[in-house]
Amino acid sequence: MTAQLSRAAASASPSRSTGRAPATSVAGLVLRTPYWVFTGGLAVIFLYPLVWTAVASVSPHPGTSQVDGWGFGNYRALADYQAGIWQYLANSAFVSLLTVALTLVVSTLGGYAFARFSFPGRDALFLVTLAILMVPYATLLIPLYVLLTQVGLQNSLVGLALVLTMFQLPFSTFMMRISFEAVPRELDEAAMVDGCSTFTALRRVLLPAVKPGLITVGLFAFLAAWNDFMAPLILINDSDRMTLPLAVSNLRGQVQGVVDYGATEAGVVVLALPCIVLFLLLQRHYVRGFMSGALKG
Amino acid sequence: MTSSTLTGPAAPAAPVRHRPVGRALQGWLYATPTAAFVGVLFVLPLLLVMLMSASRWPLLSGYQGWNLPANYSRAVSNRFFVDSVVFTVKYTVLATVLLIALGLGLALLVQESTRWKGLLRTAFLVPSALGLASASLLFYVLYSPFAGPFAPIMERMGATFLGTPDAALWSTLFLIVWRYAGFYMLLMLVGLQAVPADVYEAARIDGAGRWQTFRHITLPLLRPTLALCTVLCVTGSLLAFEQFYILTKGGPDNSTISVVQLIYTVAFQGQNDLGVAAALSVLVLGVLVLVNVLQIRAFSRPEER
């Protein structure tokens, strides 16, 4: 009885709450107070660590670079750390953007091939691409370290971007394949009747149609590359070629074992801010990325 | 442009459906970048790691000759091997149970689309936009006995977040739940949406209570989603690295060393033995493939019957 009542109250669907709506107005409000407190409390638990870090990074705290009053002392400390925050930001931006660009190009061409052409070895290649997901990160990074050293791409941001692109391919190729498959074949066939080559049909007709897929793939590639820790940890040696997560992590335990917590807070904010902004702007595309994966299993 | 020269000759004979051979060639052309990435950066390293695991291969001097069983026996007899395997399995079981239960709970909580529930979903999901490394750094400060917001309370209680093995494990689990619960909530929501509304309606008309509906309708219909979540969560947890490398640093008393952390340590910190690290990696790969196959089989059995 109560279960049904709260279910009806909790659901916005009018079909379930018809006839009950007037009765729930006062009683429902009382009954729902624990619900509001509970869910509100949960939301606070999830948001608190982020808000606290952002506030703490600009508030005064002994033992940090921001002792008196509020200000950006911790950020200035971060800016002066080793090669400087701008260098690490530039490294991270370079690696992330190169990874996004490579992932978009490779998975668009690949997804187009898998969706629209049949060629010998197609299914095998697709399966092997998906198999990347099955193999542990560390299992691949150790031989990749050796291989990239052989060709002079170890300790290089380009080499790092190539590796990160490879790790993105299972998701992005899958995503682009189903995006192309969702477009009616008549569309590009009509373009080819009009004399377009397959490449022109792809560029002029299909690309606009798969734009949501491209945004999802680009978003995931950016988040993965920007946040990746293990690949740069293994592949990058020089401190001025480090990416931001690695630099902020190394920040701890610098000055005679004393951790600069203030600068670490500032570093976390700089790391997290682009991700959260992108997430909030592109939430729809972020959610779709998960849905496509979940639907196919 | 390459493609236009390829379609050119075929055009007069068959204007729409091109010659199959030409189409196949074009397909391969479009797939070439994928094949190059997969071949050079995935298949080749995979073969190389097998070779490395069977050779003497110090970090700085490279291949030093064949030594087949030696790396594997050295890997297994590493003094942290058994401890790290036990710890990783324990962590994996706890993380999987917590994340699946909480993911499902949160999903049921925000299932209907109202404005408030939309806000809740966003709040639960925001942490999953952060990198695991960033999240670990964040909690490193949050748990700190010097700078963290709970430092005074913890000091009065005489406790620490990372000071004892158990505390460190549960503190790490809290971080992981915080970072990933929204992610699993989202996967569960997708699964819940696939359950047709009239099934619930029919159950309601038959007088099924809330718990009965959940137990006999939602859970069985959610089976594929639960399978996917379990596979993802077990795989991810078995390969845990950042949270232990950054947050607990394997401590206290080497009690929180995960298997992947051991691989990293053997390869690049101290021992610098890529051969043994490769052997460990191959062992992990084997276990992972086995676990995934078993899980997929376990979850798909009832449908096959």
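## Chain B at a glance

Let's start with burial: of the 305 residues in chain B, 40% are buried. Keep in mind that this is a predicted model. Chain B has 14 helices and zero strands, so its radius of gyration is worth a look: at 25 Å it is well over the 19 Å that the globule rule gives for 305 residues, and the chain is therefore more spread out than a compact globule.

How big a box do the C-alpha atoms of chain B fill? Taken along the principal axes, the box is roughly 85 × 70 × 45 Å. As for who touches whom, take the contacts in chain B between residues at least 6 apart in sequence: 68% of them join residues at least 24 apart.

## The nonpolar core

Now for the inside. The largest nonpolar core has 164 residues, and the members that touch the most others are B:Y184 and B:I263. Helix α8 of chain B, residues 165-193, supplies the largest share of this core, with 15 residues.

## Where two chains meet

## A crossing inside chain B

Chain B has a helix crossing of its own to look at. The axes of α4 (residues 81-109) and α11 (residues 223-238) come within 9 Å and cross at roughly 145°. Is the crossing of α4(B) and α11(B) left-handed or right-handed? It's right-handed. Among the contact residues are B:T88, B:Y91 and B:T92 of α4(B), along with B:L226, B:C229 and B:T230 of α11(B). Further contributors include B:L99 and B:G103 from α4(B), and B:C233 and B:L238 from α11(B).

## A buried leucine in chain A

Over in chain A, find A:L202 in helix α10, which covers residues 198-209. Why does A:L202 count as buried? Because it has 21 C-beta neighbours inside 10 Å, and 20 or more is the cut-off for buried.

Not counting residues up to four places away in sequence, A:L202 touches A:Y112 and A:L207. A:D188 sits 14 residues away from A:L202 along the chain, and their C-alpha atoms are separated by 7.5 Å.

Most residues other than glycine have a negative phi. Now check B:K249: its phi is near 55°, a positive value. B:N254 also has a positive phi, near 55°.

Where do you find B:K249? In the loop of chain B between α12 (242-248) and α13 (259-268). B:N254 is found in the loop between α12 and α13 too. B:K249 counts as partly exposed because it has 17 C-beta neighbours inside 10 Å. B:N254 is partly exposed as well, with 14 other C-beta atoms within 10 Å.

How values were computed
Residues are numbered from 1 along each chain as its sequence is written. Chains are lettered from A and ligands numbered from 1 in the order in which they are written. This is a predicted model: local features need pLDDT of at least 70, side-chain atom pairs count only at pLDDT 80 or more; totals for chains, interfaces and linings use all residues. A nonpolar core is a set of buried Ala, Val, Leu, Ile, Met, Phe, Trp, Tyr and Cys residues joined through C-beta atoms within 7 Å. A residue is buried if 20 or more other C-beta atoms lie within 10 Å of its own, exposed if 12 or fewer, and partly exposed in between; C-beta atoms are placed from the backbone. Helices (H or I, at least four residues) and strands (E, at least two) are DSSP runs, numbered from the N terminus. The radius of gyration is taken over C-alpha atoms; the globule rule is 2.2 Å times the number of residues to the power 0.38. Two residues are in contact if their C-beta atoms, placed from the backbone, lie within 7 Å. Axes are lines fitted to C-alpha atoms, for helices over the stretch in contact, and angles run from 0 to 180 degrees between N-to-C directions. A crossing is left-handed if the near helix is turned anticlockwise from the far one by less than a right angle, and right-handed if clockwise.
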